[in-house]
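Please read them with the coordinates open.

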Amino acid sequence: MRYSLAVGLVALLVASSLTPASAATGPAACRDVDAPVTALGKREVVRGTLCTPAGAATVQLLIPGATYNSSYWDFPDGAHSFRVAQNEAGFATFTIDRLGTGRSSKPLAVTLTAFTQADVVHQVVGGLRTGAYGPRFDRVIVGGHSLGAAIAVIEAGTYRDVDGVLVTGMTHRVNPPGVVGAFANFRPANLDPKFGLLHPLGYLTTAPGTRYASFHAPGPLVRRVAELEESLKDVFSPTEAVDGLGVAVLLPYSRLITVPVLSVVGSRDSAVCGPPATDCSSAEAVLAAEAPYYTAPLRTFVLAGYGHSINLAPNAREYYSAVAGWALDEVGR
């Protein structure tokens, strides 16, 4: 209860500071970046968008989940941009397309694992610190959603090169019926009209019209959001899901993380919430469930009334503000 009140106070203070800060510094400067990386001995490219408010020394490196790309963090409906909210709070953001998605390279699907993706993210962290993409950042927060959160946990636990970790849509106790229900809606991407027969083999996406049930229910169905999300959907490799789930979720790999962590879930996330999984009724309940899996300082936040993909919830700004408040408190900008 005390942390929930504290988050609310910090969020209020952050929100009250956005207008003067924006007026003083202007909007964040954004640029597309092609980040060269090496994956399994081959040269690949991670494509992303780097947005930097004036004077920002901390960057949030944001990894989307399965069947999403970087648009998850900067949804183009004008109402659901995690990226804009963090920029307004004074943090730079680097929203990336995972390998295999969006505008990034598309290796053979079978070669992509969560550990491969984590190694690639580690290389991007290095580039952000050295100024390889323009600005040089003193501090890096790695954040992810769902599969992206698993990749963030593996990256932070393996390389210990970041200053904070944001975990959303992931806990260490999964709800088997919810996970099975989501996986039942996946199909080969090259059989989906959005991607077509020429799309590389081995990748999966969601069957048309199933995303609300998989990622948003029982939150409210907003048809404009649902239609736009269907048009923006992407793919994932089954191999990255297997070791992401097996290592980051089912094993306590997160205990290797040494920097502050914020874990955020929707209170009605069918993938991780409810018996026999995590009690998501409050931030305190999630903290009690997740604390044994971390040795680093852990905070939690629960977005009320929504399912898995919380960036697109009607009340998502509460969560955006909670993240900005935590990042300011634990890492600095």
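1. Basis. This is a predicted model, in which local features need pLDDT of at least 70, side-chain atom pairs count only at pLDDT 80 or more, and totals for chains, interfaces and linings use all residues. Residues are numbered from 1 along each chain as its sequence is written, and side-chain values use heavy atoms, with hydrogens and water left out.

2. Strand 3 and its partners. Helices (H or I, at least four residues) and strands (E, at least two) are DSSP runs, numbered from the N terminus. Two strands pair if DSSP finds at least two bridges between them. Strand 3 (residues 58–63) is joined to strand 5 (residues 139–145) by six bridges, and the two run parallel.

3. Buried means under 20% relative accessible area, exposed over 50%, and partly exposed in between (1.4 Å probe, protein chains only). Six of the six residues of strand 3 are buried, so the strand is largely enclosed by the rest of the structure. In a regular strand the side chains alternate between the two faces of the sheet. In strand 3, T58, Q60 and L62 lie on one side and V59, L61 and I63 on the other, all of them buried. Strand 4 (residues 92–96) is mostly covered as well, with five of its five residues buried. A92, F94 and I96 point one way from strand 4, while T93 and T95 point the other way.

4. Eight strands form an open sheet of mixed pairing, in the order 1-2-4-3-5-6-9-10. Strand 1 and strand 10 (298–303) are at the edges with a single partner strand each, so one side of each has no neighbour in the sheet. On average, neighbouring strands of this sheet are turned by 20° against each other, direction ignored.

5. The antiparallel part. Strand 1 (residues 29–39) and strand 2 (residues 42–52) run antiparallel and are joined by eleven bridges. Their hairpin has two residues between the strands, and L40 takes a positive phi there, near 55°. Strand 2 is in turn antiparallel to strand 4, through four bridges, with C51 opposite T93.

6. V33. Not counting residues up to four places away in sequence, V33 touches V46, R47, G48, L50, F94 and Y133. Of these, G48 is its bridge partner in strand 2. V33 is buried, with a relative accessible area of 5%.

7. Helices on the sheet. Axes are lines fitted to C-alpha atoms, for helices over the stretch in contact, and angles run from 0 to 180 degrees between N-to-C directions. Helix 10 (residues 316–330) lies across strand 3, strand 5, strand 6, strand 9 (261–266) and strand 10, and runs at about 165° to strand 10. The expected span of a helix is 1.5 Å times one less than its number of residues. For the 15 residues of helix 10 this gives 21 Å, which agrees with the 21 Å between its end C-alpha atoms. Buried residues of helix 10 include A316, Y319, Y320 and W326. After helix 10 comes G332, with a positive phi near 90°.

8. Helix 3 against helix 8. The axes of helix 3 (residues 114–130) and helix 8 (residues 238–249) come within 7 Å and cross at roughly 85°. That makes helix 3 roughly perpendicular to helix 8 (65 to 115 degrees; under 35 is roughly parallel, over 145 roughly antiparallel, and the rest oblique). A114, F115 and Q117 of helix 3 make the contact with E240, D243, G244 and V247 of helix 8.

9. P218. This residue lies in the loop between helix 6 (211–216) and helix 7 (223–232). P218 counts as partly exposed, at 40% relative accessibility. Leaving aside neighbours within four places in sequence, P218 is in contact with Y212 and R268. P218 and G305 are 87 residues apart in sequence and 7.7 Å apart in space, C-alpha to C-alpha.

Methods: Contact = heavy atoms within 4.5 Å.
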